[in-house]
Amino acid sequence: MLFTESPATPAPLRAAIRAAYRRDEAEAVAASLDSAAMVPDRLDRIAERARALVSTVRQGRVGKGGIDAFLHQYELSSAEGVVLMCLAEALLRIPDAETVDRLIRDKIGAADWEKHVGRSPSLFVNASTWALMLTGRLVKLDPDGEAGGLVRRLIARSGEPVIRQAVTAGMRIMGRQFVMGRTIDEALERARPAEAAGYRHSYDMLGEAARTAADAERYRESYRHAIDRIGTAAAGRAIEDVPSISVKLSALHPRYEAAQQARVTAELLPRVKALAAAARDRGIGFTVDAEEADRLDLSLDLIEALSGDPDLAGWNGFGLAVQAYQTRALAVLDFLADMARRHGRRLMVRLVKGAYWDTEVKRAQERGLDRYPVFTRKA
């Protein structure tokens with residue numbers, strides 16, 4: 001993996017990060033457990049506080065629409081949970097009824113909804129499950145059979161619009177739990193009550209990595225606009241008390257990869273610095289988002305350069321997301337702690353527990369590797 005190490009960067013810390021890449025999982029787990037060892041009294045206090053926090057959150061969710069019960073029943077590790085997440089994210093962006101019908105037919109018909117019937121204590125969840133199960137049966141009718149074809153034609157005339165509206169409405173309820181708004185202004189408005197209650201948000205733009213220079217420029221402009229709008233909403237409050245912006249480096253350059261390191265450094269670093277300076281001037285935090293495992297070295301090079309840039313010195317709004325489920329997460333945190341000390345700054349660090357987990361596992365399998373860069377057991 002290519003990387004440029006500045007003279008101030010302690011080589012052993014970066015070497016430790018690279019050594020932990022696709023580390024033996026049993027060794028990584030043992031090392032993590034050793035570093036987290038605590039005396040029984042402290043563990044008891046932690047458990048007691050955790051129970052109180054969970055209980056308070058659950059009580060506060062009573063009567064809020066049942067979405068938590070819904071997500072508890074349909075875990076993201078299940079086929080049905082994956083189907084629901086696909087629909088929740090996709091239906092928000094599909095403009096025409098025909099495509100919605102095709103998506104529902106494709107996704108809902110393949111899942112085993114029947115096994116969830118009556119399994120939840122929530123009436124909301126059980127009613128939704130019955131609707132999904134019936135929809136699944138309807139869209140799986142054999143189109144080649146005479147009776148099946150007749151019923152299917154009836155559904156096409158009268159049933160599918162009803163199904164479409166019901167499923168779309170349900171998916172929008174779920175989608176709003178993960179997508180705050182279609183625009184930054186809509187998101188800021190929706191978040192206002194939660195922020196008044198003490199919650200903090202870091203806003204990001206939905207989308208994939210840039211494929212062309214035009215894509216990268218469009219994302220850059222979106223980030224710049226969002227920084228201005230978030231800065232206006234911040235209204236001069238302390239940086240710890242206001243929302244922030246999350247920036248995906250691969251959205252700002254179409255060739256964000258190790259093989260293009262020289263080009264990325266020359267072209268991307270100035271763009272990210274300009275956005276970070278804009279966030280500093282507007283008094284909000286600026287978080288570099290996580291990327292896939294094979295881009296970590298490149299990301300750390302850019303983060304190191306930004307953190308040590310004298311033009312950004314004295315600003316404590318700079319931060320990053322760390323993939324906590326990677327086997328090298330602890331080594332990354334050691335490096336970041338050292339970097340913060342060397343540059344005399346505080347870092348805003350967000351731990352991410354699953355953004356690319358399935359992708360990392362699949363890529364390692366496709367390449368025939370004997371180990372993974374992530375823990376295979378999420379617990």
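**Figure 1. Burial and secondary structure in the predicted model.** Of the 379 residues of the protein, 40% count as buried in this predicted model. The secondary structure amounts to 14 helices and 5 strands. Where contacts join residues at least 6 apart in sequence, 72% of them link residues at least 24 apart.

**Figure 2. The largest nonpolar core of the protein.** This core has 51 residues, and I245 and F286 are those with the most contacts inside it. At least two core residues are supplied by each of the helices α9 (184-196), α10 (213-234), α11 (261-282), α12 (296-307) and α13 (329-343), and likewise by each of the strands β2 (244-247), β3 (285-288) and β4 (318-323). The largest share, 8 residues, comes from α11.

**Figure 3. Surroundings of I245.** With neighbours within four places in sequence left aside, I245 is in contact with S202, Y203 and M205, with Y223, A226, I227 and I230, and with I284, G285, F286 and T287. F286, one of these partners, is named together with I245 as having the most contacts inside the largest nonpolar core.

**Figure 4. Packing of α10 against α11.** The two helices pack at an angle of about 10°, and their axes are 9 Å apart. Because angles under 35 degrees count as roughly parallel, α10 and α11 are described as roughly parallel to each other. On the α10 side, the contact is made by A216, R220, Y223, R224, I227, D228, G231 and T232. Helix α11 contributes R271, L275, A278, A279 and R282 to this contact.

**Figure 5. T327 in the loop between β4 and α13.** T327 lies in the loop that separates these two elements. Its relative accessibility is 8%, and T327 therefore counts as buried, the cut-off being under 20%. A polar atom of the T327 side chain lies 2.8 Å from the backbone oxygen of A20. Not counting residues up to four places away in sequence, T327 touches A20, R22, R23 and A28, together with Y372, P373, V374 and F375.

Note on methods
Residues are numbered from 1 along each chain as its sequence is written. This is a predicted model: local features need pLDDT of at least 70, side-chain atom pairs count only at pLDDT 80 or more; totals for chains, interfaces and linings use all residues. Side-chain values use heavy atoms; hydrogens and water are left out. A nonpolar core is a set of buried Ala, Val, Leu, Ile, Met, Phe, Trp, Tyr and Cys residues joined through side-chain atoms within 4.5 Å. Buried means under 20% relative accessible area, exposed over 50%, partly exposed in between (1.4 Å probe, protein chains only). Helices (H or I, at least four residues) and strands (E, at least two) are DSSP runs, numbered from the N terminus. Contact means heavy atoms within 4.5 Å. A polar contact is a pair of N or O atoms within 3.5 Å; within protein, one must be able to donate a hydrogen and the other to accept it, and residues adjacent in sequence count only if both atoms are side-chain atoms. Axes are lines fitted to C-alpha atoms, for helices over the stretch in contact, and angles run from 0 to 180 degrees between N-to-C directions. Angles under 35 degrees count as roughly parallel, over 145 as roughly antiparallel, 65 to 115 as roughly perpendicular and the rest as oblique.
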